Amino acid sequence: MRCAVYARVSTKFDSQKTSIDNQIDFFHHYAAQKNWEITKIYTDESSATKGRGKGLKALIEDAKKGLFDVILAKELSRLARNGRLSYELRDTCLANKIHMVCLDHSIDTTNGDMDKFGLYTWIYENEAANTSRRNKQAKQAKARRGLFVGSTALYGYYSENGRLQIRDDETSNVVRRIFDCYLEGTGMDSIAKSLTAERIPTPSQIAKKKNASHLWHASTIKNILKNQHYCGDLVQNRTETIAVTTTKRRALDTDSLIIHQNTHEPIVSREVFQAVQKMLQSRTRSTTAPKKHFFTNMLYCEDCKRGMWYKANQKAYRCGGNLKYGDTYCLNRKIVREKDLKNVILSDLQELSQSFHNDSFTENLLNKANKKLRKMQQELINVEHQIKELRKRKLVYVNLYAEQAITKEELIEYKELVDQELKELDVNRAQLDQKITEGQSESYTTDLVNKLKTSFLVKDLAPQTLHSLVKNITCTTEGIIQIHYNFADNLREN
């Protein structure tokens, strides 16, 4: 059987990484005894309770595609301590006839053993909830002693033995600049745009978070301006997680706050901080939700891929990336007139509508559809041939390893490369199967022609017509407009 292996540890310490390697070695030995072929190894270095592991998510997605026949794990708790995620994995396996084997003898569906799945899942999740509760109590006890218990110190500080210390870099000066600019009347959007233009590192970059953005946002500026830590006070226990199985948090009542004044060196004076709080309160205003215009969520900048915003004073659309972050983010300053764009689309539809009254055009479209169908069928044959060849290659690598012609590390590397190719080919095969099934329907192409004939008899561009016929519209920095129609693929030769 094709076997998928899942190995997980809760932390990223080197000792735990060794644990993953040991798990994988044991899985190879177990699979060899069963004469199973390990097609892919999924790993995570994170908690199983919140289901954040990319490896586990990839495992579930690949299970839905039927890319393996059995999942092998050290124990059920390694797969998830999250009840919802555990049941999703179980249901996916049942729907796709995939076995699940845990080496702690809790679950082994190859022997029909699934009876205690719910019991084990409840035990593991309950154990995680108790651990989380104990951790919360320990953090609250530290906070009451005036110690910083956050996982990451706020911008401008670092934490040492539970005490906040000012960083020996420019971050504290950036904080002072933000407070000073706001007091001088500069808006939060303008402050953010200036910091982005000067390429000043963002809080997420300083904290070395994954995928940290270099863009400053008004919301980031507001969070800094409202943070009481900057005047030397420690304010903790603001929020708590809703449940052990989610990362979502809820705000606690003000009575729950744990506040200690003058616990660390302030970056701004208390007078400056309080003056900013008064300004924030006086500038707060209620705003209505932004109005959605005709091409909202349809018109995009080709360069930065952000949506284009409607500017009422110009009665036209502008690149949202350029408007929000300036030229350092995107150079597209072109304007797109709503009226002109409507006329272009209507002109396209009316021109194509005339073509459908020509029998030769309709016959040509049918011929193109049949030609496209034959081409997809040949592509499917080629894909299936490539899949067979890749599986043969995997066996060659295994034999080379058995003969000690290649090392274990080389075997794993080769297999991961082949597995990635196989995954892409399996997805491609599924897509081709769907398209071929659709194209083989006798009425499909005829129905398409009739639908297009009806759709093109429009004299005004209504929102429903726009979204049914147009996929999206893009605008380049040179002002070139590209309209991507939903039906365009059916009119092409290839």
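Student: Which residues form a negative surface patch here?

Tutor: For a patch, we look for like charges that are joined within 9 Å. In this predicted model, a negative surface patch is made up of Glu 409, Glu 410, Glu 413 and Glu 416. Let's take one of them, Glu 413, which is found in helix α14, residues 408–439.

Student: Is Glu 413 buried, exposed or partly exposed, and why?

Tutor: Buried means under 20% relative accessible area and exposed means over 50%, with partly exposed in between. Glu 413 counts as partly exposed because its relative accessibility is 47%. For a contrast, go to Gln 23 in helix α1, residues 14–34. Gln 23 counts as buried because its relative accessibility is 5%.

Student: What is Gln 23 in contact with?

Tutor: If we leave aside its neighbours within four places in sequence, Gln 23 is in contact with Ala 7, Arg 8, Val 9, Lys 74 and Arg 78.

Student: And how much of the whole protein counts as buried?

Tutor: Of its 494 residues, 36% count as buried. The protein exposes about 29,000 Å², and carbon and sulfur atoms supply 47% of that. As for its elements, there are 16 helices and 16 strands.

Student: Now to charged pairs. What is the idea behind a salt bridge?

Tutor: Side chains of opposite charge can pair when their charged atoms come close. A search of the whole structure finds 16 salt bridges.

Student: What is the partner of Lys 64, and how far apart are the closest N and O atoms?

Tutor: Lys 64 forms a salt bridge with Glu 88, and the closest N and O atoms are 3.4 Å apart. Lys 64 lies in helix α2 and Glu 88 in helix α4, residues 83–95, so the pair ties together parts that are 24 residues apart in sequence.

Student: Which side chain meets Glu 198 in a salt bridge?

Tutor: That is Arg 177, at 2.7 Å, N to O. Glu 198 lies in the loop between α7 (188–197) and α8, while Arg 177 lies in helix α6 (residues 171–183), so this pair ties together parts that are 21 residues apart in sequence.

Student: Where do Lys 392 and Glu 389 lie?

Tutor: Both lie in helix α13, residues 359–402, three residues apart, about one turn of the helix. Lys 392 forms a salt bridge with Glu 389, with the closest N and O atoms 3.7 Å apart. There is also a network of salt bridges that links Glu 37, Lys 394 and Asp 419.

Student: How far apart are Lys 65 and Lys 423 in sequence and in space?

Tutor: They are 358 residues apart in sequence and 9.3 Å apart in space, C-alpha to C-alpha. Lys 65 lies in the loop between α2 (54–64) and β3 (70–73). Leaving aside its neighbours within four places in sequence, Lys 65 is in contact with Lys 423 and Val 427.

Student: What is the phi of Lys 208?

Tutor: Lys 208 has a positive phi of about 55°, although it is not a glycine. Its place is the loop between α8 (203–206) and α9 (218–226). Lys 208 counts as exposed because its relative accessibility is 74%.

Notes: Residues numbered from 1 in each chain as written. Predicted model: local features only at pLDDT ≥ 70, side-chain atom pairs only at ≥ 80, totals over all residues. Heavy atoms only, no water. Patch = residues over 30% accessible without salt bridge, like charges linked within 9 Å, V, L, I, M, F, W, Y side chains within 5 Å. Areas by Shrake-Rupley, 256 points an atom, 1.4 Å probe, with all protein chains shown as cover. Salt bridge = Lys/Arg side-chain N within 4 Å of Asp/Glu carboxyl O. Lys, Arg positive; Asp, Glu negative; His and termini not counted. Charge placed at Lys NZ, Arg CZ, Asp CG, Glu CD. Helix = DSSP H or I, 4+ residues; strand = E, 2+ residues; numbered from the N terminus. Buried < 20%, exposed > 50% of the residue type's maximum accessible area, 1.4 Å probe, protein only. Contact = heavy atoms within 4.5 Å.
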